[in-house]
Amino acid sequence: MKTEILINRAIHESRIAIVEDGQLAEIWVERPDSERIVGDVYKGTVSAVLPSLQAAFIEIGLARTAFLQVRDMVEAEKSDIEDGGGSRGRRSRTLPPIQNLLKKGQTLLVQIAKEPIGTKGARVTTQLSLAGRFLVLMRSGDWVGISRKITSSNERRRLRDLVRSLCPAKSSVIVRTEGRDMSKKDCNRDLKQLVKSYDRLERRSKKATTPALVHKEMGMTSSVIRDLFTENVSRVVVDSKELYEDIVEYLKGVSPTLAKRVELFREKKPIFDAFGVEAELEKANDREVWMRRGGAIVIDHAEAGTFIDVNSARSVGSRDQEESYLRTNLEAAQEISRQLRLRDIGGIIVIDFIDMYDDRNRKKVVEEMINETKRDRAKISISPQISEFGLVEMTRQRVRPNLLHTHSDPCPTCNGSGRVMGADTTMTKIERWLMRSRAGNGDRRYVLRVHPDVAAYISEDHDSRLKSIRRATKARLEVEEDVSLAPQDFRFISQKRSLDVTAEFRA
């Protein structure tokens with residue numbers, strides 16, 4: 001597979017695209033008002049301890065208080081992603097009550113594990129870790145972990161012995177996948193830099209007054225180059241000369257062979273246009289995604305999760321309906337896996353594939369879904385079989401807001417529901433308001449302001465309804481159009497008091 005990293009730096013925005021075999025696979029967007037904060041370390045204050053949830057709220061200076069669970073306070077033994085090579089079937093540890101660990105007003109250092117999403121504050125951990133190109137350092141425990149993706153037992157043994165010979169006391173180190181085949185010199189340099197950063201963090205935390213940021217993780221571009229630019233990437237193309245020079249300078253120090261794969265984009269045409277990325281981004285938030293053979297997937301977001309429906313739509317081909325459905329479902333599994341990465345959809349995901357009768361075909365679809373998601377760096381868990389209702393259930397790690405939240409705001413008209421009330425329903429609400437007004441001895445003369453569509457509904461053969469409302473409520477109404485109102489909203493202005501009295505008799 002040919003993988004390319006494209007970096008576009010604009011005045012108020014930086015974007016990074018991962019392109020696999022000419023197709024957009026992932027996109028990162030960073031703006032001054034929405035910088036990446038995962039990995040940042042804060043000195044905060046406990047604002048509340050919740051024994052019933054075994055969690056606490058931590059004030060760290062962000063718009064919303066951070067959320068700390070008790071399991072994120074217990075000293076790490078081995079990472080879920082980076083395995084130390086020990087027993088994998090070990091029992092989960094018994095966690096101490098959080099009220100024995102924290103008290104209100106206490107100060108502590110926490111690290112952002114997940115960014116704020118929607119109404120939820122950032123999720124934090126007290127188990128601090130700093131990542132380098134080859135290693136991850138933690139100032140707790142005394143173990144060495146090796147990435148599971150390094151499968152050679154001899155290489156794992158060599159790396160463990162190498163790291164243990166250099167690791168400082170009372171520290172744990174994880175060797176990242178990129179650490180495969182690293183030399184003692186590379187290991188020592190990376191470890192020294194991490195120790196230096198950790199010492200700087202601790203000095204700042206002692207001087208800082210809460211709430212305070214004491215360590216800022218690398219920016220988006222730097223972290224992508226550090227974490228994703230490996231031997232598997234054919235090239236990195238950058239449209240900023242300054243950024244190009246910074247990347248080359250950094251790589252000369254850590255991976256000189258990769259520095260030759262960095263290219264400066266010199267064309268006048270925008271880089272994302274030249275590589276066809278911009279056109280794909282325009283469709284990245286579409287609800288409906290068409291596939292090559294004519295089938296389609298429909299993606300709907302909700303507070304509880306994301307729901308994806310697979311439709312055969314215009315799909316044509318085999319006369320065997322079961323075979324046709326299988327082909328559409330297999331293609332949908334591939335496209336869904338790509339869309340999850342591209343849109344960075346996390347949380348609970350439920351997929352409704354086209355119904356099939358053959359259990360072997362149903363199994364093929366699940367296996368295809370599992371195989372296609374292997375290239376995803378996020379933690380993913382997929383149910384091993386299609387449920388009795390024909391659904392595949394899965395979860396995907398949620399670290400930051402997805403692409404839809406990054407590029408859009410909730411609709412001010414429908415408030416995110418995707419639908420608005422019809423004019424007939426709005427008229428019914430107006431009638432009920434007037435009935436409450438009459439019962440509450442309200443005024444009798446009003447100016448009724450409504451959306452132009454509702455005003456048109458009233459004037460087009462529905463004037464008789466307005467007359468019946470006037471008779472029933474004894475109210476005198478003058479209807480005015482107001483383009484600033486949503487179709488489901490209305491305003492009553494008292495002519496006697498020259499005052500908006502809508503709130504006085506709202507349900």
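**Strand pairing and its surroundings**

Guide: A55 stands opposite Q69 in β6. This is a predicted model: local features need pLDDT of at least 70, side-chain atom pairs count only at pLDDT 80 or more, and totals for chains, interfaces and linings use all residues. Residues are numbered from 1 along each chain as its sequence is written, and side-chain values use heavy atoms, with hydrogens and water left out.

Strand β5 (residues 55–59) runs antiparallel to β6 (residues 66–69), and four bridges join them. Strands are DSSP runs of E, at least two residues; helices are runs of H or I, at least four; both are numbered from the N terminus. Two strands pair if DSSP finds at least two bridges between them. Six residues lie between β5 and β6. In that turn, G61 has a positive phi of about 95 degrees.

β6 has another partner. Two bridges join β6 to β9 (residues 123–125), and here the strands run parallel. F67 has R123 of β9 as its bridge partner. Strands of a sheet pair through backbone hydrogen bonds, either parallel or antiparallel.

Now the open sheet. Five strands make it up, in the order β3-β2-β1-β15-β16, with mixed pairing. β3 (23–30) and β16 (262–264) are the edge strands, each pairing on one side only. Neighbouring strands are turned by 20 degrees against each other on average, direction ignored. Axes are lines fitted to C-alpha atoms, for helices over the stretch in contact; angles run from 0 to 180 degrees between N-to-C directions.

Take β2 and β3 closely. β2 (residues 14–20) pairs with β3 in the antiparallel sense over seven bridges. A17 has I27 of β3 as its bridge partner. α3 packs on the sheet and touches β1 (3–9), β2, β3 and β15. Contact means heavy atoms within 4.5 Å. The direction of α3 makes about 25 degrees with that of β2. A further helix, α8 (residues 321–343), lies across β2 and β3. α8 runs at about 20 degrees to β3.

T230 sits in the loop between α3 (220–228) and β15 (233–238). T230 counts as buried because its relative accessibility is 15%. Buried means under 20% relative accessible area, exposed over 50%, partly exposed in between (1.4 Å probe, protein chains only). Leaving out residues up to four places away in sequence, T230 touches E178, L258 and R261.
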